[in-house]
Amino acid sequence: MRFGAKQVVDGLSFDVVRGETFGFLGSNGSGKTTTIRALLGIYRPTSGTLEINGKVFSDDFGARLGYLPEERGLYKKESVRDVMGYFGRLKGMSKAAANDFCRQFLDRVDLADKAELRVDKLSGGEQQKIQLGVTIMNEPELLILDEPTKGFDPVNRRLLMDIIEERKQAGATVMMVTHQMEEVERLCDRIILLKDGRAEAYGTIDEVQNQFGGRTIRLKYSGMIPQSPKYQVTLQETNYAELALEDSVDESDVLRDLVLAGVVVRGFVAAKRSLDDIFMQVYGEAPGAEHGSSGPVHSRPGRGRAA
Amino acid sequence: MARHNLRTVVQFEFIRTIKKRRFWIATLAIPVLLGIVFGLVFASSSSTQSRSEAQKNQTLPFTYTDASGLVDPKLATAMGGAPEQDPGTAVERVKEGKLNAWFSFPASLKAEPVRVYGADQGIFKNGTYDAVAKQLMVLSAQEKVGSAELTAAVQGNFSTESQTFKDGQVSGGLETVVPPLLFLVLFYVVIILLANQMLASTLEEKENRVTEMILTTLNPTTLVVGKVISLFLVGAVQALVFASPMLLGYVFFREQLALPDFDLSHLQFQFLPMLVGALLFVGGFILFTGVLVGIGAVMPTAKDASAVFAPVMIMMFIPFYIVSMVVSDPGSLIVQIFTYFPFTAPITAMLRNAFGSLSGVSAAIVIAELFVFGILALRVAVHLFRYGSIEYSRKLSLRAAFAKKT
């Protein structure tokens with residue numbers, strides 16, 4: 001995928017299996033949104049193909065697809081009910097079914113009293129909820145969510161995650177772009193990490209964690225952590241640190257070394273490396289530090305498939 | 001599904017437009033203004049009528065001298081006149097206000113004017129003196145001729161009914177010109193009323209950032225065509241609202257509103273010119289719609305779009321600068337160019353069609369050209385919308401939009 005002279009996505013290949021939740025991770029400009037737009041026929045790929053159920057996207061998919069784009073927007077001068085009704089009808093619902101869905105959804109997201117209000121009279125977060133409602137109308141088989149929790153407060157973020165979880169339980173395939181590793185760990189079966197248009201990692205969360213060298217120690221302590229060839233300090237805060245262990249090192253050796261060095265250990269948990277760590281290693285920044293997207297991926301050249 | 005979506009788009013776009021208070025304020029403003037103007041015309045017409053009724057029964061006091069010998073003294077007396085006893089001082093007496101008016105009829109009406117002197121009654125009423133003097137002479141002359149028929153003949157007060165033939169068929173005059181010209185009027189009304197809405201139709205999706213959701217839900221062609229159809233329906237509603245006060249005024253208050261009496265029964269609706277007019281109308285509508293929707297898809301905001309919109313509208317009006325040539329010299333180079341240049345073609349060809357100077361071959365070429373360019377423009381507009389409208393806040397690069405691959 002190329003914009004002018006710039007190669008935005010390069011040799012990317014991945015599959016999304018029916019019924020799974022697939023995470024698209026990457027920093028700004030890494031090619032996530034571009035890939036999704038190409039998958040949905042909004043951009044035309046320079047080479048390669050992107051398919052849904054073995055076919056290139058066409059308008060026929062519209063009724064079975066729920067897409068929450070990165071650029072949020074609705075018809076702002078119309079009422080919530082009219083907008084939801086319109087999209088419901090376009091997705092093949094009857095007028096009555098669209099109205100029923102609208103009523104139930106607004107009830108659930110505490111906006112029942114705002115059905116007749118114009119969209120631009122709602123707050124940003126409320127508009128997001130309406131857009132999510134529009135996305136999941138008519139029980140789509142494939143949900144593509146580009147940073148679904150962007151702009152949500154923690155309460156509404158939890159609500160959103162529940163809704164995605166429900167769609168997943170109902171058998172829908174979910175593809176989501178996110179910077180929230182908590183969301184990834186809770187929801188995603190598999191992930192792909194994109195950097196500069198190429199895939200840096202691709203697989204289940206376990207596979208990706210293994211790929212980036214497995215183990216971390218989460219340490220609650222007081223004192224000074226000594227330098228050691230057995231580990232690297234990847235995170236250090238007041239009385240808390242994370243240590244990335246070298247491959248052959250045993251966790252109990254590290255604990256003994258710390259105690260011998262005079263460190264008072266109050267908590268010691270051996271775990272696989274967190275996705276946050278991996279993100280930091282790949283992009284050199286915390287996952288939430290950047291917003292927006294458009295970038296690249298990689299793995300096997302020129303193919304992407306969903307569901 | 002496509003038909004269902006088209007119906008849904010048309011319904012949504014039409015209903016949300018006519019539900020807006022702003023739409024009705026704008027739409028009703030013209031009939032309300034017309035109503036006010038009609039009301040004023042009605043009121044002033046009634047007062048003029050009653051004033052002229054009152055004036056009919058009034059006589060204008062005047063004196064006269066008649067060197068021609070044509071004035072009938074009885075008629076003069078009936079109109080308030082009396083022979084002048086002292087012509088030498090008559091003008092002075094008028095000046096001093098002692099005499100209202102004095103008319104001096106010369107020996108030869110052909111060689112000299114009738115001299116009329118009167119006391120000033122204001123710029124509009126001063127004409128009464130001339131009118132009375134002239135009327136006195138006309139009535140006196142009629143009296144002398146003694147034949148109403150002869151008088152009508154001399155005055156040219158009679159009508160003619162003519163028939164001309166072309167290719168063995170009756171070729172009408174203005175009666176045949178007017179019906180095909182109705183398409184021209186309709187074209188103007190539709191484009192002028194709807195142009196801005198056509199321009200803004202896809203801008204809304206861009207400005208509201210709703211394009212991606214729309215593009216993944218329905219075919220952009222369905223969306224654009226649905227919008228065009230709904231705009232047409234909106235235009236029809238507006239045209240009805242605009243036309244209704246005029247129709248009501250014409251049917252029920254024509255005399256009071258001083259509207260001309262059109263005898264519509266004389267209009268001749270000839271099949272071929274009407275068919276050509278209708279096809280030119282539809283072709284022109286598709287062409288302008290496609291272009292305006294395309295402009296809307298390229299430009300990021302309504303303000304940016306309006307800068308490009310102006311030249312398109314100017315091209316539509318340009319043929320009226322050469323309308324006399326279109327009628328009198330349709331073979332001239334400029335008329336030929338305007339006939340075939342797509343943006344000036346609808347108006348020029350509709351004019352020539354109405355005046356009978358558009359040959360069958362030319363009509364076929366122009367109609368084909370309008371449909372081809374119109375459908376092409378619509379396809380380009382859809383393409384620009386599909387691949388350009390997610391350039392939300394930027395002007396679309398046409399090169400990028402038309403590149404084979406992104």
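**View 1. Strand E9 of chain A, a mostly covered strand.** In this predicted model, let us begin with E9(A), where five of the five residues are buried. A:Thr173, A:Met175 and A:Val177 point one way from the strand, while A:Val174 and A:Met176 point the other way. Residues on both sides of E9(A) are buried.

**View 2. E9(A) and its neighbour E4(A).** Here we look at strand E4 of chain A, residues 21-26, beside strand E9 of chain A, residues 173-177. The two strands pair in the parallel sense, and four bridges join them. Which residue of E9(A) is the bridge partner of A:Thr21? The partner is A:Val174, one of the two residues that point the other way from A:Thr173, A:Met175 and A:Val177. A:Phe24, in turn, has A:Val177 as its bridge partner in E9(A).

**View 3. E9(A) and its neighbour E8(A).** Now for another pairing of E9(A): E8(A) and E9(A) run in the parallel sense and share five bridges. A residue pair to look for is A:Leu142 with A:Thr173, which stands opposite in E9(A). A:Thr173 itself is buried and points the same way from E9(A) as A:Met175 and A:Val177.

**View 4. The whole sheet of chain A.** Stepping back, six strands of chain A make up an open sheet with mixed pairing, in the order E7-E8-E9-E4-E10-E11. Which strands form the edges? They are E7 (65-68) and E11 (198-204) of chain A, each of which pairs on one side only. From one strand to the next, the twist averages 10 degrees. Helix H4 of chain A, residues 124-135, packs on this sheet and touches E7 as well as strand E8 (142-146). The direction of H4(A) makes about 160 degrees with that of E7(A).

**View 5. Where chain A meets chain B.** How many residues of each chain take part in the contact? On the chain A side there are 26, in contact with 19 residues of chain B. E7 and helix H2 (80-90) of chain A each supply at least two residues of the side that touches chain B. H2(A) gives the most, with five residues. By residue type, this side of chain A divides into 13 nonpolar, four polar and nine charged. For the model as a whole, the scores are ipTM 0.74 and pTM 0.71.

**View 6. Domains of the two chains.** In chain A, the domain assignment gives domain 1 as 2-208 + 293-306 and domain 2 as 215-272. The C-alpha centres of these two domains of chain A lie 39 Å apart. For chain B, the assignment gives domain 1 as 2-34 + 166-402 and domain 2 as 56-155. In that chain, the C-alpha centres of domain 1 and domain 2 lie 58 Å apart.

**View 7. A look at chain B.** Chain B holds 17 helices and six strands. Of its 406 residues, 32% count as buried. Among contacts in chain B between residues at least 6 apart in sequence, 72% join residues at least 24 apart. The pLDDT of chain B averages 83, and 89% of the residues score at least 70. A friendly reminder for the remainder: where pLDDT is low, the predicted coordinates should not be read in detail.

Terms used:
Residues numbered from 1 in each chain as written. Chains lettered and ligands numbered in written order. Predicted model: local features only at pLDDT ≥ 70, side-chain atom pairs only at ≥ 80, totals over all residues. pLDDT = per-residue confidence, 0-100. Pairing = 2+ DSSP bridges. Axes fitted to C-alpha atoms, helices over the stretch in contact; angles between N-to-C directions. Contact = placed C-beta atoms within 7 Å. Domains from an automatic or database assignment. Buried ≥ 20, exposed ≤ 12 C-beta atoms within 10 Å, placed from the backbone. Nonpolar A, V, L, I, M, F, W, Y, C, P; charged D, E, K, R; others polar.
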